[in-house]
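Biologist: Could you walk me through this one? I have not looked at it before.
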Amino acid sequence: MTDRLSPPVFDPAEAAAAATRFAATAPADVSYARVDSPVGTLLAARTATGLACLSYQDHDGGLDAVLDRLAAKLSPRILEAPARLDDVRRELDEYFEHRRTAFDLPLDWTLVSPFGRKVLRATAAIPFGEVSTYAKVAAEAGSPKATRAAGNALGANPMPIVVPCHRVLHTGGKGIGNYTGGVHRKEALLRLEGVLLG
């Protein structure tokens with residue numbers, strides 16, 4: 001005797017209604033907002049832990065590409081919720097208005113590798129108006145010979161400005177180095193902080 005199992009009855013309209021009810025009541029894992037700044041529009045995204053991403057909207061594929069990466073690496077439950085990022089917007093405004101020299105935002109390091117975290121934490125310790133070098137940051141991260149790896153970690157910094165990778169320059173005055181949002185933005189941030197004149 002053979003019993004055949006039949007598939008359950010599936011009503012697409014009921015499934016869509018259930019998904020809509022869930023989306024309306026479930027909190028987002030990632031909230032994001034656009035933030036206007038003197039160096040361009042930024043996309044800020046946070047989790048319950050803290051700020052996870054601050055990306056230049058016109059860089060690295062644009063808004064949709066950044067949201068796709070966040071969905072793949074953090075959670076697909078992403079919601080545009082500007083009010084949840086008011087503290088990020090306020091601190092950035094204060095920074096650009098010369099009223100803040102350090103950020104007090106909680107950070108979510110999920111998007112950063114273990115070595116990258118060491119490099120970015122060393123970078124976060126560079127005071128406003130001062131600079132360091134790739135070699136010094138690598139040494140402070142515990143790997144003095146990993147200058148290139150430190151540069152790669154800085155290039156992958158998901159929270160520029162807040163974690164001030166713009167303050168890291170080439171060793172020996174060989175130029176200011178690259179920057180995630182473009183060298184013109186690195187120069188603008190260094191001018192804002194009084195490191196570059198003009």
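Biologist: What kinds of residues make up the lining of the second largest pocket?
Modeller: That lining divides into four nonpolar, eight polar and two charged residues, where Asp, Glu, Lys and Arg count as charged, Ala, Val, Leu, Ile, Met, Phe, Trp, Tyr, Cys and Pro as nonpolar, and the others, Gly among them, as polar. Please keep in mind that this is a predicted model, in which local features need pLDDT of at least 70 and side-chain atom pairs count only at pLDDT 80 or more, while totals for chains, interfaces and linings use all residues. Residues are numbered from 1 along each chain as its sequence is written, and side-chain values use heavy atoms, with hydrogens and water left out.

Biologist: Which residues lie nearest the centre of the second largest pocket?
Modeller: Of its 14 lining residues, Y134, G151, N152, G155 and N178 lie nearest the centre. A pocket here is an open set of points on a 1 Å grid over the protein atoms alone, where a 1.4 Å probe fits, with protein on both sides within 12 Å along at least five of seven lines, and lining residues have an atom within 4 Å of a point.

Biologist: Which helix gives the most to that lining?
Modeller: Helix 6, residues 147–155, gives the most, with six residues; helices are DSSP runs of H or I with at least four residues, numbered from the N terminus.

Biologist: Switching to helix 7, which residues are buried there?
Modeller: In helix 7, residues 183–192, the buried ones are R185, K186, L189, L190 and L192, buried meaning under 20% relative accessible area with a 1.4 Å probe, protein chains only. They are on the same side of helix 7 because they cover an arc of only 155° around the axis, taken from the directions from the helix axis to the C-beta atoms.

Biologist: And what follows helix 7?
Modeller: G194 follows, and its phi is positive, near 80°.

Notes. Helix = DSSP H or I, 4+ residues; strand = E, 2+ residues; numbered from the N terminus. Buried < 20%, exposed > 50% of the residue type's maximum accessible area, 1.4 Å probe, protein only.
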